[in-house]
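Try each one before reading its solution.

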Protein chains: 2
Amino acid sequence: MNTYASKRLEEAVNELSRLPGIGKKSALRLALHLLKQDTQSVEMFGNSIIRMRNEIKYCKICHNISDLDICEICAKHKRDQSIICVVEDIRDVMAIENTGQFVGLYHILGGIISPMDGIGPQDLNIQSLVDRTRNTEIKEVILALSTTIEGDTTNYYISKQLNEFDIELSTIARGISIGDEIEYADEITLGRSIVNRLPYATNLPK
Amino acid sequence: MNTYASKRLEEAVNELSRLPGIGKKSALRLALHLLKQDTQSVEMFGNSIIRMRNEIKYCKICHNISDLDICEICAKHKRDQSIICVVEDIRDVMAIENTGQFVGLYHILGGIISPMDGIGPQDLNIQSLVDRTRNTEIKEVILALSTTIEGDTTNYYISKQLNEFDIELSTIARGISIGDEIEYADEITLGRSIVNRLPYATNLPK
């Protein structure tokens with residue numbers, strides 16, 4: 001006998017259990033929950049995910065998620081076009097925007113350098129950051145990556161790449177405890193760490 | 001600015017966060033994970049859920065999930081047609097089948113009586129259990145509900161409904177600690193509790 005009594009249920013459980021942090025038992029619980037919803041809700045559920053994947057765009061300037069070719073932040077002329085804050089992914093943009101302490105632009109790397117996961121510099125949006133720095137009037141680049149070994153490695157790699165330019169390179173203040181992830185920091189600490197950012201060199205290991 | 005930078009992403013996060021146990025932050029994490037998958041995988045993901053909801057059937061005899069009108073268990077002539085094991089949902093069927101200790105049929109209630117959640121006897125497959133007991137050659141009904149107050153209430157209600165029939169009414173042995181859910185019990189305890197089931201009356205509160 002099929003363990004799940006139905007091929008259809010089995011397929012859905014297999015798909016759900018491929019989500020990060022969701023095992024077979026949780027996937028079955030989610031599938032049974034969805035089975036109890038009406039057809040229309042479940043179609044909205046499934047289609048919203050498919051539509052997101054098919055229709056979402058990435059900003060041609062900063063690589064943020066966007067519905068248009070240029071994201072809302074890059075398109076806003078009021079923002080300070082001379083400061084770029086480099087982050088790992090969109091969740092970090094959301095966290096920093098929530099502090100209301102930053103008026104510059106962003107650059108989303110799409111990850112950090114992590115040899116363990118097979119992610120090298122060429123897998124990240126680093127070259128386009130170099131191009132941006134070369135081609136536009138950038139005065140400062142703020143490195144706002146998580147304070148982990150991978151984050152530090154990425155910071156270091158980027159600092160080398162931007163070495164040739166006459167810009168100020170800073171990192172957000174290490175008020176955020178080492179090992180914590182930026183997206184989970186409280187707004188006050190995160191806001192302060194943007195305001196109190198330090199020249200990159202002062203944070204280098206001695 | 002839209003918090004999620006994209007309407008499409010926002011819609012998907014809202015849908016995902018309606019799943020039980022998944023909040024906004026987890027939903028965003030799942031959505032970003034799905035965004036990194038290729039289009040085809042995400043379409044398979046979404047469609048498998050929609051297809052499950054649209055195509056799944058429930059067995060006309062025991063209400064188990066099924067791809068056909070009659071589920072595989074009810075359709076199997078080798079199984080003992082005179083014993084019905086009453087369970088809350090399909091996960092309990094899977095757990096009991098895994099023990100290999102039960103050869104009878106099942107009856108899936110689709111929940112348990114829970115006034116707090118607005119679930120009364122009329123919301124469950126209890127009348128069809130009474131009809132089954134009346135119309136087929138049933139010798140024994142095993143009540144295999146979770147050992148919670150709601151489970152006990154449901155057991156009691158069913159026992160009253162089946163009072164008029166000349167059948168043996170049993171419950172699985174309370175070897176499973178009170179408060180634990182059947183689906184999470186280890187196979188040995190659960191298997192023993194099926195073998196050592198006791199007449200229903202011996203479990204009534206004195």
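**Exercise 1.** How many residues of chain A are in contact with chain B, and how many of chain B with chain A? Then work out which elements of chain A take part.

*Solution.* Keep in mind that this is a predicted model. Start by counting residue pairs whose C-beta atoms lie within 7 Å: 47 residues of chain A are in contact with 48 residues of chain B. Next, sort the chain A side by element. Those giving two or more residues are α1 (7-16), α2 (24-36), α3 (39-55), β2 (65-66) and α5 (90-99) of chain A. The largest share, 15 residues, comes from α3(A). Finally, sort by class: the side of chain A that touches chain B holds 23 nonpolar, 10 polar and 14 charged residues.

**Exercise 2.** Find the buried residues of α7(A), and explain why they line one face of the helix.

*Solution.* First, check the helix itself. In chain A, α7 (residues 149-161) has 13 residues and reaches 18 Å from its first C-alpha to its last, close to the 18 Å expected. Now list its buried residues: Gly151(A), Asp152(A), Thr154(A), Asn155(A) and Ile158(A). Seen down the axis of α7(A), these residues fall within an arc of 160 degrees, so they line one face. Last, look at what covers them: β3 (83-87), α6 (127-135), β5 (140-143) and β6 (168-171) of chain A are included.

**Exercise 3.** Describe chain A as a whole.

*Solution.* Begin with the elements: chain A has eight helices and seven strands. Then take the extent of its C-alpha trace, about 70 × 40 × 35 Å along the principal axes. To finish, count burial: buried residues make up 38% of the 206 residues in chain A.

Key. Residues are numbered from 1 along each chain as its sequence is written. Chains are lettered from A and ligands numbered from 1 in the order in which they are written. This is a predicted model: local features need pLDDT of at least 70, side-chain atom pairs count only at pLDDT 80 or more; totals for chains, interfaces and linings use all residues. Helices (H or I, at least four residues) and strands (E, at least two) are DSSP runs, numbered from the N terminus. The expected span of a helix is 1.5 Å times one less than its number of residues. A residue is buried if 20 or more other C-beta atoms lie within 10 Å of its own, exposed if 12 or fewer, and partly exposed in between; C-beta atoms are placed from the backbone. The arc is that of the directions from the helix axis to the C-beta atoms. Two residues are in contact if their C-beta atoms, placed from the backbone, lie within 7 Å. Ala, Val, Leu, Ile, Met, Phe, Trp, Tyr, Cys and Pro count as nonpolar, Asp, Glu, Lys and Arg as charged, and the others, Gly among them, as polar.
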